[in-house]
Amino acid sequence: MSDSSEAAPEGARLRVTFEAFCTTHERAWRGFARTQVGTEQDAAVVVGAMKEHLSRNWALALRQEIPAAYAWRLLKEHLAAWLATAGHTRPALVQTAAFDAAIRYFQDQARISLESLPEQIGLFTAILDLPERQHDVVVLKYCMDMDDSKIAEYLGTPLATLRSNLRHARRRLARTLGRPELADMRGER
């Protein structure tokens with residue numbers, strides 16, 4: 001006779017936790033991947049490969065201090081591998097569309113106008129030239145409108161460090177664009 005309060009087998013437990021984890025995070029993974037590869041279909045391919053990798057290493061992921069940060073590193077590795085394969089390039093149109101949202105958000109937050117095309121291209125280029133961590137933070141915050149605590153979880157960094165990365169990114173953008181008001185904008189949530 002089987003006791004219904006008996007613990008589920010370890011494999012079933014791992015599968016359930018993996019599925020719940022993916023349900024919680026997949027929207028952000030796909031959104032970020034789409035900003036890097038261009039289409040929902042290509043983003044789904046990259047995220048699917050990352051999830052397969054993650055599922056094979058799920059027990060290891062659960063032993064990490066922050067499993068979401070481990071998954072984020074896997075996503076970045078799979079994006080880099082996808083972009084490095086023959087025929088896969090990051091389409092300029094994709095970058096433009098993704099960063100159009102950032103330009104609008106920056107304008108709203110800093111209460112500045114970037115009406116001229118050269119100013120908008122300058123911001124776009126400056127974002128692309130940010131160091132990787134600052135670039136990820138800017139994309140997650142200003143393109144995907146994620147809150148600071150969720151970004152910190154994905155990147156496996158304390159909230160104070162995340163906010164420092166945001167400040168440094170804004171200062172760098174302000175310096176590059178000659179727009180000091182960008183350094184002073186707020187918007188942490």
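Axes are lines fitted to C-alpha atoms, for helices over the stretch in contact. All views are taken from a predicted model.

**View A. Packing of helix H4 against helix H8.** Helix H4 spans residues 67-84 and helix H8 spans residues 148-155. Their axes lie 5 Å apart and form an angle of about 70°. Because angles of 65 to 115 degrees count as roughly perpendicular, H4 is described as roughly perpendicular to H8. On the H4 side, the contact is formed by Ala-68, Ala-69 and Trp-72; H8 contributes Glu-153, Tyr-154 and Leu-155. By class, this contact comprises 5 nonpolar residues, 1 charged residue and no polar residues.

**View B. Crossing of helix H7 and helix H9.** The axes of H7 (residues 132-143) and H9 (residues 159-177) cross at roughly 95° and come within 9 Å. This angle makes H7 roughly perpendicular to H9. From H7, the residues Arg-133, Gln-134, Val-137, Val-138, Lys-141 and Tyr-142 take part. Their counterparts in H9 are Leu-162, Asn-165, Leu-166, His-168, Ala-169, Arg-170 and Arg-172. The contact of H7 with H9 contains 6 nonpolar, 3 polar and 4 charged residues.

**View C. The largest nonpolar core.** This core holds 49 residues. The residues with the most contacts inside the core are Trp-29, Phe-32, Leu-54, Trp-72, Leu-75 and Leu-140. Helix H4 gives the most to the core, with 9 residues. In soluble globular proteins, nonpolar side chains tend to be buried together.

**View D. Surroundings of Trp-29.** Leaving aside residues up to four places away in sequence, Trp-29 touches Phe-21, Cys-22, Val-47, Met-50, Lys-51, Leu-54, Ala-71, Trp-72, Leu-75 and Tyr-154. Among them, Trp-72 and Tyr-154 also belong to the contact between H4 and H8.

How values were computed. Residues are numbered from 1 along each chain as its sequence is written. This is a predicted model: local features need pLDDT of at least 70, side-chain atom pairs count only at pLDDT 80 or more; totals for chains, interfaces and linings use all residues. Side-chain values use heavy atoms; hydrogens and water are left out. Axes are lines fitted to C-alpha atoms, for helices over the stretch in contact, and angles run from 0 to 180 degrees between N-to-C directions. Helices (H or I, at least four residues) and strands (E, at least two) are DSSP runs, numbered from the N terminus. Angles under 35 degrees count as roughly parallel, over 145 as roughly antiparallel, 65 to 115 as roughly perpendicular and the rest as oblique. Contact means heavy atoms within 4.5 Å. Ala, Val, Leu, Ile, Met, Phe, Trp, Tyr, Cys and Pro count as nonpolar, Asp, Glu, Lys and Arg as charged, and the others, Gly among them, as polar. A nonpolar core is a set of buried Ala, Val, Leu, Ile, Met, Phe, Trp, Tyr and Cys residues joined through side-chain atoms within 4.5 Å. Buried means under 20% relative accessible area, exposed over 50%, partly exposed in between (1.4 Å probe, protein chains only).
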